[in-house]
Amino acid sequence: MINNLISSFSSNAPLWLLMSTGVVVGVSAGFIGTFLILRRMALSGDALTHVALPGMGLALLLGLNAFWGAWAFLILAALGIWWIKRKTHLYLETLTGIFFTFSLALGILIIPKIDLLEALFGDIENLTVFNSYLAIFLGVTAIIILTIYRKRLMLLTISEDLAKTININASRLDLLFLILLGVIVALGVHVTGTLLMGALVIIPAASAQNIARSFSGYCFWSIVFGALSIIFALPIAHFFKLAPGPIVVLSAALFFIISLMPYRFRR
Amino acid sequence: MNTMEQSNSQKILKVKNLTVAFDDNVVIDNLNFEVEKGEMLSVIGPNGSGKTVLVRALLGLAGFTGSVEWKKDIKIGYVPQHFFVESDTPLTVEEFFKFKTSKHAQIHKALEQVGWQGSTNPEHFEHHLKSHLLNQQLGKLSGGQLQRILIAWSLIDNPDVLLYDEPTSGIDAGAEETIYSTLLNLKDKYEMTIIFVSHELSIVYNYATKVLCLNKEKFCYGEPEDILGAENLSKLYGEKMKFYSHQHLQNNFYDK
């Protein structure tokens with residue numbers, strides 16, 4: 001019986017479960033992307049995804065689930081960024097450029113060749129039932145926390161001084177934001193792989209910014225574009241036997257182009 | 001209650017031996033002053049004299065040595081010098097207020113306090129406010145409008161004291177007059193104490209009840225009529241400084 005349970009958890013997830021996992025990842029990526037863009041952290045967020053690679057490599061070398069390595073390294077990186085921001089005057093962009101590309105190089109070296117393509121570009125169809133449920137659980141938790149803290153995060157984004165006047169602990173909220181970013185980016189490792197996850201975080205929010213004037217509209221559209229990118233892409237990838245990661249990013253980019261249309265009419 | 005206690009209870013802020021330094025660079029050196037209830041204190045001084053740093057120290061946002069002693073249970077509103085949102089930032093004025101309160105009545109009261117006058121018909125006012133102000137994007141407001149919104153935002157929790165740190169640019173003279181008559185109204189009508197940083201000496205002359213001029217250490221403190229004399233100003237800003245009460249010359253003065 002226990003063996004049955006274990007084997008059912010480690011078997012490949014059915015399509016409906018894959019789709020649900022994908023949508024949760026798309027929604028959480030779209031949501032957190034809104035803050036990433038307004039904080040002018042789009043590229044740092046993208047580069048952060050690369051940190052997952054050496055973690056996955058290390059986990060594979062130790063015979064563990066590669067995704068645990070991704071979680072551990074991304075959360076360590078989030079803590080690292082937070083510490084550097086608080087304690088030094090170094091520019092985040094420069095550090096990002098150095099440290100995260102270093103991670104990419106290291107990751108490529110230590111990940112076995114056979115697993116490299118999957119780590120870089122993801123392969124949602126190989127996801128186990130257990131990993132699916134874990135991803136859904138973590139994604140939904142991240143979405144709930146973002147919903148609770150969204151106003152405080154937005155105020156902190158536009159003015160740290162004003163945030164402090166209503167007793168928002170800026171440094172603690174920054175840390176929460178970075179950890180959520182790390183968790184959500186790690187989820188994307190399943191769907192788009194580490195190289196393309198940055199796109200799933202940035203593109204839906206960028207599309208939403210083209211059409212939204214209010215903060216609520218901005219969050220709403222970013223979540224919708226994040227979810228639609230997945231809903232649109234996974235069946236296409238499945239039926240045409242294509243890698244899902246690139247198709248997800250291509251469909252997100254398609255929605256970005258559509259979101260530019262009202263811009264033209266406004267002129 | 002005897003008179004001594006009464007006069008003590010009017011003191012809202014006592015600053016003693018306040019010193020602020022960043023890595024060996026002393027910005028404020030051993031400053032002492034007091035503020036009484038209902039005063040409109042202006043902090044003036046040349047660029048880099050520590051005006052903004054002083055405000056931040058009073059709020060506990062900047063580290064300092066010495067003591068900053070506010071009256072017990074006092075509530076402080078703050079409008080920072082630097083507040084910038086891109087014009088395409090997806091955020092409406094109403095959403096900005098809702099970061100602080102979910103009650104419409106509070107938002108309306110704060111907007112009335114800064115002079116968004118309703119017409120006699122309250123329903124019409126509601127509609128007017130919604131379509132012309134609350135649904136606007138925060139980043140699309142003019143400099144003067146944004147300042148009044150920021151003041152209204154700081155008024156939401158009914159502060160006893162307002163710290164207003166004037167921005168160095170982006171506001172024309174007319175809008176500036178509006179802002180300061182708004183602050184004066186808050187002092188007169190709502191008995192608030194106002195501490196403001198200003199770069200326009202004519203504003204200080206017309207609105208302040210007390211003036212504190214800074215240049216690392218306190219150079220002068222007192223009534224505007226006494227403080228804004230040529231001798232003090234040249235000491236504060238350097239040689240050849242003179243305050244012209246003539247309105248048109250104020251910009252020439254400051255450009256030096």
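**View 1. T19(B) and its partner in β4(B).** T19(B) has T65(B) of β4(B) as its bridge partner. The model shown here is predicted. The two strands concerned, β1(B) and β4(B), run antiparallel and are joined by 5 bridges. Strands of a sheet pair through backbone hydrogen bonds, either parallel or antiparallel. How many of the 6 residues of β4(B) are buried? The number is 0, so β4(B) lies largely in the open.

**View 2. The open sheet β2-β1-β4 of chain B.** This open sheet has 3 strands, and their pairing is antiparallel. The edges are taken by β2 (25–36) and β4 (65–70) of chain B. Each edge strand has a single partner, so one side of each is left without a neighbour in the sheet. Neighbouring strands in this sheet are turned against each other by 15 degrees on average, direction ignored. β1(B), residues 11–22, pairs with β2(B) in the antiparallel sense over 8 bridges. Within that pairing, look for L18(B): its bridge partner in β2(B) is L31(B).

**View 3. β6(B) under cover.** Strand β6(B) spans residues 161–165. Is β6(B) mostly covered or mostly open? It is mostly covered, with 5 of its 5 residues buried. One side carries V161(B), L163(B) and D165(B). The other carries L162(B) and Y164(B). Both faces are covered, and these residues are all buried. Across chain B, buried residues make up 36% of the 256 residues.

**View 4. The parallel partners of β6(B).** β5(B), residues 76–79, pairs with β6(B) in the parallel sense over 4 bridges. Here I76(B) has V161(B) as its bridge partner. β6(B) also pairs with β7(B), residues 193–197. That pairing is parallel too, over 5 bridges. L163(B) stands opposite I195(B) of β7(B).

**View 5. Where chain B touches chain A.** On the chain B side, 13 residues are in contact with 19 residues of chain A. The chain B residues divide into 8 nonpolar, 3 polar and 2 charged. The model scores ipTM 0.86 and pTM 0.86.

**View 6. Chain B as a whole.** Chain B has 11 helices and 9 strands. Which share of its contacts with a separation of 6 or more joins residues 24 or more positions apart? The share is 71%.

**View 7. Confidence along chain B.** The average pLDDT of chain B is 81, and 82% of the residues score at least 70. Confidence is highest in helix α3(B), residues 93–98, at a mean of 95. It is lowest in helix α11(B), residues 250–255, at 40. Over residues 246–256 of chain B the pLDDT is below 50. That stretch has 11 contacts in the model beyond near neighbours in sequence. Residues 1–6 of chain B also stay under 50. For residues 1–6 the model has 1 contact beyond four places in sequence. Where pLDDT is low, the predicted coordinates should not be read in detail.

Conventions. Residues numbered from 1 in each chain as written. Chains lettered and ligands numbered in written order. Predicted model: local features only at pLDDT ≥ 70, side-chain atom pairs only at ≥ 80, totals over all residues. Pairing = 2+ DSSP bridges. Axes fitted to C-alpha atoms, helices over the stretch in contact; angles between N-to-C directions. Contact = placed C-beta atoms within 7 Å. Nonpolar A, V, L, I, M, F, W, Y, C, P; charged D, E, K, R; others polar. Buried ≥ 20, exposed ≤ 12 C-beta atoms within 10 Å, placed from the backbone. pLDDT = per-residue confidence, 0-100.
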